[in-house]
Amino acid sequence: MSDDQTKPGPQWPVHPFALAQQAADYWIDACQRSVLFMDVLRQRGDERNHRDEQPAPHVLSFEFETILDGRHLERPVNYGLLYILPPDGIAPDPHKRPFIVFDPRAGHGPGIGGMKQDSEIGVVLKAGHPCYFVGFLPQPVPGQTIEDVCRAEAQFIAKVAALHPHADGKPALIGNCQAGWQIMMTSALNPDLVGPLVLAGAPLSYWAGVRGKNPLRYLGGVLGGTWMTALAGDLGNGIFDGAQLVANFEKMNPSNTLWAKNYNVYSKIDTEAERFLEFEKWWGNPVLLNAVEMQYIADSLFVGNRLSDAALLDSNGHRIDLRNIKSPIVVFCSWGDDITPPQQALGWVLDLYEDDAALAAGGQTIIYSMHQSIGHLGIFVSASVANKEHEEFTAAMDMIDIMPPGLYEAVFLDKDEEMLQAEIAAGDMAGGDYVMRFERRGLDALRALGGNDAEDERRFAAVARVSEINTGLYRTYASPVVKAMVTEASAEQQRESHPLRLRYRMFSSKNPLLDGIPAMAAKVRAERRPVAPDNVFMQMQETMSRQIVDALDRYRDLRDQATENIFLGVYGSPLLQALVGLRTDGGRPRRIGRDIAREAALNAHRAAAAMKTAEGGVTEAIIRGLLYIYRSPEMSAADERAFATIRQLRLRTSDDKELSVTHFKTILREQYLMLQVDEEAAMHDLPLLLPASAEARAAALAIVRQVAGATGTLTGDGAVRLERVVAAFEARVPKLAVAVAGKRGKA
């Protein structure tokens, strides 16, 4: 039974006089709500007009100071690096790694990552980390490109690292939506500069999705490619209006855009107005992009899907290969996100790695988490998400930074009584209301999410080639004519007449027809008479609203289905595919580019690691022993309790300095690689790393036992591996053997 069938219909009163009274009550309430709703729209329009006059409008709810202005860089951009000033009572720890939140430039203005106190920025500050924010101005710098933005971001990251020389770890980056692929490109070009990356609702594989859903990915094909993007840039006199991107988002859900959003405010005018106005501050101020920036995005990403193919090059000829990223990558997506579905957030992993061994051999750590229902914007602005997922990711960032290479799913466990009692006894090891658990996954787990088959991939590849042809024809024959006809005045007039801006201006104090609304609204608030919920006419209103929503949803479903059918039919045509040269590719629509230099460096690194199994000391021995245990197929998960145990035990290096996260990560990666290359050799040489003192070996073994058992007693293969580690730690190694091994390792 549907939700609509379970909702009560109008309950008609028996007495006609009661019906008349309800009609009068409803009429008064409806008139009052109409006046108040018009006043809310007026406030929204005035707020938009006010923000449009500001040089740097934003919706950040935190105070900040500017650290770097991108307009003053060698290659100027309209981006800036801001330091978020901690609220009263919060003092960042200078030894904790800094975080940088990057806002998406997808048509809207900046600030969504810090729109509320319970936000990504709020979570970072509450955890005691220094926090920075990368935002942008509404007008682009003439001539700036996406590559210029990547260069600027690299300089911002380097500046933050320089400001925190004592921080334990490189800056962690949070990229929201379109900012996600931007920081991935920056990190691929500057792999030694960045710390862990958190991609929140970020699309990276633009062709990915499943049939019957994700219709936005068909848009490029239905429009015949990106020639219309070029046309829009020419009509804008070299500027692309971000309002067009916002309009595309709104068209995805016409029932919400045309009816439900406004009706929700109208029907709940006494409680919903403030929330509505707060959100519209961000939604109603679209920004501008250079036409060349938008064309690059459309050609290389939206339609070309070249980022996940490692097919992009910068101006110096460097390949933008996501496999070059050395830092852990956290992908946070949601099944309720219709703009960036999980397939688009995670499909790039399947594009770049053919199997699990290739992912591990590449040294890349990828952690993903999928929310079950939250929408795209909720990933950034929902307080429930901020206080769970973002809070846990922030708290566990040091642990994420040292996770061995591989694919993991982050699972959030509610703490039970046993966990809470253990924390009390141990001094609150994990903190918070949840325990984050990282469960080992294979690439088959991502394939199970659904996606394109080979024929679908060929269809999208056909779109990319048709787009190149159409855009080339437009550039050659139509673009010169359009540019000759366009002036800056006509371009500005076109932007101002966009429906998104027009609706804000019409319902604002600039419209003289609304001059009397503020006074009428004040009078209504003083004499407010809301109708009872069981009023039959109010119930009829609700029923009518549901019918309107249902009708618009049916239209959306029919439109999306027709779009998909047209796309599949047109671009699935063997004739069209042959005309654009696809059938000459041997049936493979895409080839992932190989990076021979990168592969050679990896092979050399693996060979060097194989020669160092006898090098190191007690710290290396402890880490190697733990990694050997956790390589067991039965040890398919690790959570922050084990990491908290390591922190409490304060592992120390041979010179008695506290082991930093950065140093720990270096040792862990080296030991993991040794085990991966030759597990037997690494375990055979393990006793050579241990001190001669039986007491010292016993103390080191106690650490191994405590960490390995932090999440419970080991069984099966895990227990067998632990026993082998115990035997290695208890083995007596003659001093001569240790000396010989040391010389062999140096050789």
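Modeller: Quick definition before we start: a polar contact is a pair of N or O atoms within 3.5 Å. Also, keep in mind that this model is predicted.

Biologist: Okay! How far is the backbone nitrogen of Tyr 206 from a polar atom of the side chain of Asn 305?

Modeller: Asn 305 sits in the loop between helix H11 (291-303) and strand S9 (329-334). A polar atom of its side chain pairs up with the backbone nitrogen of Tyr 206. The distance between the two is 3.0 Å.

Biologist: And is Asn 305 buried or exposed?

Modeller: The cut-off for buried is under 20% relative accessible area. Asn 305 has 1% relative accessibility, so the label for Asn 305 is buried.

Biologist: Let's hop over to strand S5. How many of its residues are buried?

Modeller: S5 covers residues 172-176 and is mostly covered. In a regular strand, side chains alternate between the two faces of the sheet. Here Ala 172, Ile 174 and Asn 176 point one way, while Leu 173 and Gly 175 point the other way, and all are buried.

Biologist: Which residue stands opposite Gly 175?

Modeller: Look at strand S3 (residues 99-102), which runs parallel to S5 and is joined to it by four bridges. The residue opposite Gly 175 is Phe 102.

Biologist: What is the bridge partner of Ile 174 in S6?

Modeller: Strand S6 (residues 197-200) also runs parallel to S5, with four bridges joining them. The partner of Ile 174 there is Val 198.

Biologist: Which helix does the chain pass through from S5 to S6?

Modeller: The chain makes a β-α-β crossover here, and this crossover is right-handed. The helix on the way, residues 178-189, is H5.

Terms used. Residues numbered from 1 in each chain as written. Predicted model: local features only at pLDDT ≥ 70, side-chain atom pairs only at ≥ 80, totals over all residues. Heavy atoms only, no water. Helix = DSSP H or I, 4+ residues; strand = E, 2+ residues; numbered from the N terminus. Buried < 20%, exposed > 50% of the residue type's maximum accessible area, 1.4 Å probe, protein only. Polar contact = N/O pair within 3.5 Å; in protein donor to acceptor, adjacent residues only side chain to side chain. Pairing = 2+ DSSP bridges. Right-handed = clockwise from strand over helix to strand, strands pointing away.
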